Amino acid sequence: MEEKSLDNYTRVTSILYPFSGLDKINPDVIANAGRRGTKVHQICEAIADGLGEIGVDDETRGYVESFKIWWATGIDVVKMEHRFFDEEIKITGQVDFIIRLADGSLAIVDLKTSYKPSKTWEAQGQAYAFLAQKAGFDIKI
């Protein structure tokens, strides 16, 4: 499958950024949180891929332990780390997981590592669900 360039698309997170309040936080704090979030995502993806806990340290341990508890419940992964594109309105978003729930329905899971919930998380999830639906996944909103 041909890989698409992000140049012609706007990321969902970029669209939502002005509403997040992140512009009021010290940029160094944001950069550190982003680095930590990337590490946690990489470790969790490795666990989901069956590679084990690669790179866990004191900063990531709590997040990884929480993920492992969730993962041990027997998650049925349909897609992992998948980027969706909407050709009509030129937006893109990358979901961490699409999983099949016990009732057979599909759900999007987006891993988060911030100290407190963001006011844009719900909109981000809705946008990801919209993108996944347009790509043929029966995500219930």
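Q: Why is K134 called partly exposed in this predicted model?
A: K134 has a relative accessible area of 46%.

Q: What makes E88 exposed?
A: The relative accessibility of E88 is 66%. The cut-off for exposed is over 50%, so E88 passes it.

Q: How do you know that E88 and K134 form a salt bridge?
A: Their closest N and O atoms are 3.2 Å apart, and the criterion is within 4 Å, so the pair qualifies.

Q: Why is this pair said to tie parts together?
A: E88 sits in the loop between β2 and β3, while K134 belongs to helix α4, so the pair joins parts that are 46 residues apart in sequence.

Q: What makes K90 and E87 a salt bridge, and how accessible is each?
A: The closest N and O atoms of K90 and E87 are 3.3 Å apart, which meets the limit of within 4 Å.

Q: Why is the contact between K112 and D110 called a salt bridge?
A: Their side chains meet at 2.7 Å, N to O, and the rule asks for within 4 Å, so the contact counts.

Key. Residues are numbered from 1 along each chain as its sequence is written. This is a predicted model: local features need pLDDT of at least 70, side-chain atom pairs count only at pLDDT 80 or more; totals for chains, interfaces and linings use all residues. Side-chain values use heavy atoms; hydrogens and water are left out. Helices (H or I, at least four residues) and strands (E, at least two) are DSSP runs, numbered from the N terminus. Buried means under 20% relative accessible area, exposed over 50%, partly exposed in between (1.4 Å probe, protein chains only).
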